[in-house]
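Subject: A structure for you to explore

Hi there,

Here is the structure I promised to pass on to you. Have a look around first, then read my notes below.

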Amino acid sequence: NAQLANVLKAGASNIELATGEYNLNSGLVFAANNITITGASRENSVVKMDKQIRAKDGVTVLTLKNLTTNVPTDLSYTESTFAWIHYLKEFNMVNCNSNGRIRVNSHKVTIDGCTFDVTTSNGFDGYAIYYYGPSGSNVKVSNSTFNTVGKAIVMYNEGSPVLNLDVEKCTFVSSNTTDKA
């Protein structure tokens, strides 16, 4: 974890994580504007996200590839402690597993080839992807599998923003009868 923090602070833009567990949260400094974090093993390079991930507002592009994200449930609902990817220009998640929900507030989101496992239907924790974005946001989700308790993707914002969602070639599996998509 100390090495990850140091390379991000030093401005590294391409980081490969060895097998192991890492923390990715608000305590880290993102010095580069375009950061790709790639795991050595989709199943065994694990990133725990239990706080806000926030970089330069509307500037930073963060890509997670070939790793697993773990997001705890029942975190308090405040900006800094809610475990979300916040105010980035772009967030990409490619060939990843996610244990728990991903909450994103970015101008552009691309999720491809991922598997989401969500074991609760409670509140925000129940969605695999909870998207809260600015006007003109674009979200594309493809080739992914959603194993949930009745909720998969929600896009939300106050006012009348335009939020564009494109979902293709995905599988949705609910462990419970639901009235939600």
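**What I found**

Let's start inside: Tyr 130 is found in strand β12. Please keep in mind that this is a predicted model. Is Tyr 130 buried or exposed? Its relative accessibility is 5%, and the cut-off for buried is under 20%, so Tyr 130 counts as buried. Leaving aside residues up to four places away in sequence, Tyr 130 touches Ile 102, Arg 103, Val 104, Phe 124, Val 154 and Tyr 156. Ser 76, on the other hand, is 54 residues from Tyr 130 in sequence and 16 Å from it in space, C-alpha to C-alpha.

**The whole chain**

Now zoom out. Along the principal axes, the C-alpha atoms fill a box of roughly 45 × 35 × 30 Å. Of the 181 residues, 45% count as buried. The accessible surface comes to about 8,400 Å², and 46% of that belongs to carbon and sulfur atoms. If you look at contacts between residues at least 6 apart in sequence, 64% of them join residues at least 24 apart.

**The nonpolar core**

In soluble globular proteins, nonpolar side chains tend to be buried together. Here, the largest nonpolar core has 39 residues. Among those with the most contacts inside it are Leu 24, Ile 37, Leu 62 and Phe 116. Elements giving two or more residues to this core include helix α1 (2-9) and the strands β3 (34-39), β8 (85-94) and β10 (102-112).

Which residues does Ile 37 touch, not counting those up to four places away in sequence? Among them are Ile 15, Leu 17, Leu 24, Leu 62 and Leu 67.

Val 7 lies in helix α1 and is partly exposed, with a relative accessible area of 33%. Beyond the residues up to four places away in sequence, Val 7 touches Ala 12 and Ile 15.

**Charged pairs**

Side chains of opposite charge can pair when their charged atoms come close. How many salt bridges does a search of the whole structure find? The search finds three.

- Arg 101 and Asp 125 meet through their side chains, 3.5 Å from N to O. This pair links distant parts of the chain: Arg 101 is in the loop between β9 and β10, and Asp 125 is in the loop between β11 and β12, 24 residues apart. Arg 101 and Asp 125 are both buried.
- Glu 168 and Lys 140 meet at 3.8 Å, N to O. Glu 168 lies in strand β16 and Lys 140 in strand β13, so this pair ties together parts that are 28 residues apart in sequence. Glu 168 is partly exposed at 33% relative accessibility, and Lys 140 is partly exposed at 34%.
- Lys 48 pairs with Asp 50, with the closest N and O atoms 3.8 Å apart. Lys 48 is partly exposed at 35%, whereas Asp 50 counts as buried at 18%.

Finally, look for Leu 165, Val 167 and Phe 172, which make a nonpolar surface patch of about 250 Å². Val 167 lies in strand β16 and is partly exposed, with a relative accessible area of 36%.

Enjoy exploring!

Best wishes

Definitions and conventions
Residues numbered from 1 in each chain as written. Predicted model: local features only at pLDDT ≥ 70, side-chain atom pairs only at ≥ 80, totals over all residues. Heavy atoms only, no water. Core = buried A, V, L, I, M, F, W, Y, C linked by side-chain atoms within 4.5 Å. Buried < 20%, exposed > 50% of the residue type's maximum accessible area, 1.4 Å probe, protein only. Helix = DSSP H or I, 4+ residues; strand = E, 2+ residues; numbered from the N terminus. Contact = heavy atoms within 4.5 Å. Patch = residues over 30% accessible without salt bridge, like charges linked within 9 Å, V, L, I, M, F, W, Y side chains within 5 Å. Areas by Shrake-Rupley, 256 points an atom, 1.4 Å probe, with all protein chains shown as cover. Salt bridge = Lys/Arg side-chain N within 4 Å of Asp/Glu carboxyl O.
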